[in-house]
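Me: I've got a fold open here and want to check a few labels against their definitions. Can you walk me through it?

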Amino acid sequence: AGIEHYLCHGGNSSVLASGSAQPGRDPAAGWVIGVGHPLRTDRRLAEVLVRDGGVGTSGAGFQFFRHEGRRYGHILDPRTGRPAEGVFSVTVLAPTAAEADALSTAFYVLGYEESARYCESRPDVGFLMLLPSTRGSSVDLAVCGLQADQWRMVGD
């Protein structure tokens, strides 16, 4: 028999999981992966539960530069050639870590509406998107394609 329970972290943005965090526990329980707060780097904002699949996160929370008082992220929008704007970060759950990583970058560029349209055709893909607030809090959270038992808020 091979290894049934593992968590493989592929750098800063990709994770592949199989089974559960505690051998002997129900494999459906999965692994808890923290989603960092984009403005308070010492805090988590949410957690996702991954079961036999991948997680990928893209954002410009750490990789950015300032020019003439404006902040620019490292992810470019290929439609304009300029840094993508309007999203803090995107965390995607998908069947594989490679797919989750690719989709998190694509969703970061596309924004919520177009990303949600994609997820409508892919019930095996879901995401948490952290956006600049429109209502007074520091961050708005948009969720698409994830069931209630796949994620939870842990702070603000």
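Me: What makes the 20 residues a nonpolar core?
Reply: This is a predicted model, and the label needs buried nonpolar residues, under 20% relative accessible area, joined through side-chain atoms within 4.5 Å. The largest such set has 20 residues, and Val90, Val92, Phe107, Tyr108, Val125, Phe127 and Met129 touch the most other members. E10, H1, H2, E11 and E12 each give two or more residues to this core, with H1 giving the most, five.

Me: Which residues does Val125 touch?
Reply: Leaving out residues up to four places away in sequence, Val125 touches Val92, Leu93, Ala94, Pro95, Glu99, Leu103, Phe107, Cys119 and Gly145.

Me: Why are E1 and E12 called edge strands?
Reply: The open sheet runs E1-E2-E5-E10-E11-E12, with antiparallel pairing. Strand E1 (6–9) and strand E12 (139–144) each pair on one side only.

Me: Where do the helices H1 and H2 lie?
Reply: Helix H1 (residues 97–110) lies across E2, E5, E10 and E11, at about 30° to E5. Helix H2 (residues 112–120) lies across E11 and E12, at about 175° to E11.

Methods: Residues are numbered from 1 along each chain as its sequence is written. This is a predicted model: local features need pLDDT of at least 70, side-chain atom pairs count only at pLDDT 80 or more; totals for chains, interfaces and linings use all residues. Side-chain values use heavy atoms; hydrogens and water are left out. Two strands pair if DSSP finds at least two bridges between them. Helices (H or I, at least four residues) and strands (E, at least two) are DSSP runs, numbered from the N terminus. Contact means heavy atoms within 4.5 Å. Axes are lines fitted to C-alpha atoms, for helices over the stretch in contact, and angles run from 0 to 180 degrees between N-to-C directions. Buried means under 20% relative accessible area, exposed over 50%, partly exposed in between (1.4 Å probe, protein chains only).
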